[in-house]
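Here is a short briefing to read with the model open beside you. Take a moment to look around before going through the points below.

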Amino acid sequence: MKFDHRRDNPGHSEWLTDIMLMGLAPVLVFGVALSFARLRLSTYNILKTIRKAPEGMRIKDLYWFSTPEEVEIASRVLRRWMPEDDEVLDPEAVQMADLIIQIGLAHFPEHPRMINTQANFLISIQHNYQMGPSLLQHITKLEDSTQADHYAVFAREQELKERSKEQNQGVGLSDLVGYVEFQRNFRMLARAYRASLMTLKAFWTALLHEDIEFKRLVDAFAKIEASAKRTDKVFKVLLERYPNNENLYRMYARFLEHVRSDPWTANKYTLAADKLEEEQDKSGGLALSQEQGVASSIGNVSEKNQAILVIDAAGILLVANKQAQKLFGYKKTEMEGKNVSMLK
């Protein structure tokens with residue numbers, strides 16, 4: 001329109017085109033803002049209705065969704081990440097999204113789009129690679145499934161096959177990636193834990209002043225509670241991801257005792273850590289020593305009857321079996337990684 005020489009009045013055409021082009025930007029911005037506001041308002045109304053529902057109400061009656069697409073949009077909008085790590089989902093948001101999907105399934109139990117939403121949630125969010133793919137197969141058997149549904153299932157299955165192929169081709173790389181991920185998550189947890197301890201320190205430091213203001217104490221209490229909630233969320237996410245890590249359980253127990261002032265719950269996690277340690281001792285035996293290449297030196301020794309210690313050239317304890325722990329009166333975590341000079 002702007003460059004069309006066949007117009008009788010090219011100046012008018014250029015002016016009109018410029019006006020249209022300049023008007024597109026605010027229209028697009030307004031459209032995006034309106035869509036964002038609509039999604040947020042809709043999600044807010046859904047959450048408000050569900051949370052105000054009386055106890056004992058049937059899951060189908062918690063909220064009325066008009067279409068499976070509405071369920072999928074609501075569950076996706078709810079996804080939010082932890083402030084400490086933008087790769088870890090907020091467990092409360094995940095739980096609420098799961099509830100919304102269950103409500104949608106109560107309304108549309110055999111709808112292909114609804115089942116596909118549940119399958120994607122199980123695979124992508126909950127990492128359930130058994131039930132998720134089985135639901136995808138169920139979609140292809142439904143009479144109401146369309147070619148679009150079949151293609152979505154095919155694309156998802158191809159993605160899972162590629163993922164499985166990559167894992168099978170590089171087990172060692174997978175282990176390395178898992179170790180790096182654990183270290184990154186542990187550092188994130190340490191930062192959150194340290195922040196909680198610093199808020200406690202700030203509170204007790206404020207109490208040392210003679211002319212402390214009441215508002216300052218209230219603000220300090222609020223900071224302690226907010227920091228403790230964030231750290232508690234990180235702990236729960238990591239405990240769910242690494243359920244067999246006894247050190248994580250002990251660390252959480254210390255957090256509950258010293259920050260949350262909850263020694264009873266802390267004792268439960270300490271007992272759980274002790275139980276995990278005992279199970280690992282029973283099932284693992286000298287697995288750690290074998291991994292570190294020292295099995296050949298103690299292969300002819302009976303672990304059940306004799307105390308066994310394995311140290312490196314620097315005198316650091318690498319392995320201490322159950323008999324050695326009983327002999328010296330230390331737990332496994334108290335011995336391994338320490339210098340042998342501690343055994344006096």
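A residue counts as buried when its relative accessible area is under 20%, as exposed when it is over 50%, and as partly exposed in between. Please keep in mind that this is a predicted model. Its chain holds 14 helices and 4 strands, and buried residues make up 33% of the 344 residues.

**The chain overall**
- The accessible surface comes to about 22,800 Å², with 56% of that belonging to carbon and sulfur atoms.
- Of the contacts between residues at least 6 apart in sequence, 52% join residues at least 24 apart.

**Salt bridges**
- The whole structure contains 12 salt bridges.
- In one of them, Glu159 pairs with Arg156, and the closest N and O atoms are 3.0 Å apart.
- Both Glu159 and Arg156 sit in helix α6 (residues 147-169), 3 residues apart, or about one turn of the helix.
- Arg156 counts as buried because its relative accessibility is 12%, which falls under the 20% limit.

**Helix α3 and Thr67**
- Helix α3 (residues 91-107) has 17 residues and spans 25 Å from its first C-alpha to its last, close to the 24 Å expected.
- Its buried residues include Ile100, Ile103 and Gly104.
- The C-alpha of Gly104 is 8.5 Å from that of Thr67, although the two are 37 residues apart along the chain.
- Thr67 belongs to the loop between α1 and α2 (68-77) and is partly exposed, at 32% relative accessibility.

**A surface patch and a loop**
- Trp15, Ile19 and Met22 form a nonpolar surface patch with about 360 Å² of accessible area together.
- Trp15 is part of helix α1 (residues 10-52) and is exposed at 53%.
- Asn245, in the loop between α8 (214-241) and α9 (246-258), has a side-chain polar atom 3.1 Å from the backbone nitrogen of Asn247.
- Beyond its neighbours within four places in sequence, Asn245 is in contact with Phe182 and Leu276.

Notes
Residues numbered from 1 in each chain as written. Predicted model: local features only at pLDDT ≥ 70, side-chain atom pairs only at ≥ 80, totals over all residues. Heavy atoms only, no water. Patch = residues over 30% accessible without salt bridge, like charges linked within 9 Å, V, L, I, M, F, W, Y side chains within 5 Å. Areas by Shrake-Rupley, 256 points an atom, 1.4 Å probe, with all protein chains shown as cover. Salt bridge = Lys/Arg side-chain N within 4 Å of Asp/Glu carboxyl O. Helix = DSSP H or I, 4+ residues; strand = E, 2+ residues; numbered from the N terminus. Buried < 20%, exposed > 50% of the residue type's maximum accessible area, 1.4 Å probe, protein only. Expected span 1.5 Å × (residues − 1). Polar contact = N/O pair within 3.5 Å; in protein donor to acceptor, adjacent residues only side chain to side chain. Contact = heavy atoms within 4.5 Å.
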